[in-house]
Amino acid sequence: MSHKTEQQPDFVQWEIDLLGDIDPVVRLRSAVELGRRQAAEAAPALVERLGLERELFIRETLTWAVLRIAGDAMPYLHQALSSPRWLARMQAMHVLARWAATKLPIGWFRWSVTRWTGPDSGQL
């Protein structure tokens, strides 16, 4: 479901621009604000920033913001999986795993790991 913030596009663009600010506090606040507003038009910038952000806490906030607009972000997450940047690939997988964890039945992970490793492997 898309919750576009068309009423204030200049504000959203301003927040998108602040994702690249030199100050980590500014980047964090921008990610929080875009996530809070569920700014679907920010999906490409949020996913791109996931692959560039150095600060772990900011990356987790970006993950939260992307998950709030997961439907709009999916094409960009899939593109990030083939990025030449390892951080972009890793963060895209992280977001997709978090998204899948909310969509799959609780026993799915145990079942899938058992299926790959075998019930007698002692891995779990």
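Me: Which residues of α4 meet which residues of α6?

Reply: From α4 there are Arg59, Glu60, Thr63, Val66 and Leu67, and they meet Leu87, Gln91, His94, Val95, Arg98 and Trp99 of α6. Contact here means heavy atoms within 4.5 Å. One caution: this is a predicted model, where local features need pLDDT of at least 70, side-chain atom pairs count only at pLDDT 80 or more, and totals for chains, interfaces and linings use all residues. Residues are numbered from 1 along each chain as its sequence is written, and side-chain values use heavy atoms, with hydrogens and water left out.

Me: What makes α4 oblique to α6?

Reply: The axes of α4 (residues 56–68) and α6 (residues 86–103) come within 10 Å and cross at roughly 50 degrees. Under 35 degrees counts as roughly parallel, over 145 as roughly antiparallel, 65 to 115 as roughly perpendicular and the rest as oblique. So α4 is oblique to α6.

Me: Why is Gln91 called buried?

Reply: Buried means under 20% relative accessible area, exposed over 50%, and partly exposed in between (1.4 Å probe, protein chains only). Gln91 has a relative accessible area of 4%, so it is buried.

Me: What makes α3 mostly covered?

Reply: Six of the eight residues in α3 (residues 43–50) are buried: Ala43, Ala45, Leu46, Val47, Arg49 and Leu50. Leaving aside neighbours within four places in sequence, Gln91 is in contact with Leu50, Arg59 and Thr63.

Definitions and conventions:
Axes are lines fitted to C-alpha atoms, for helices over the stretch in contact, and angles run from 0 to 180 degrees between N-to-C directions. Helices (H or I, at least four residues) and strands (E, at least two) are DSSP runs, numbered from the N terminus.
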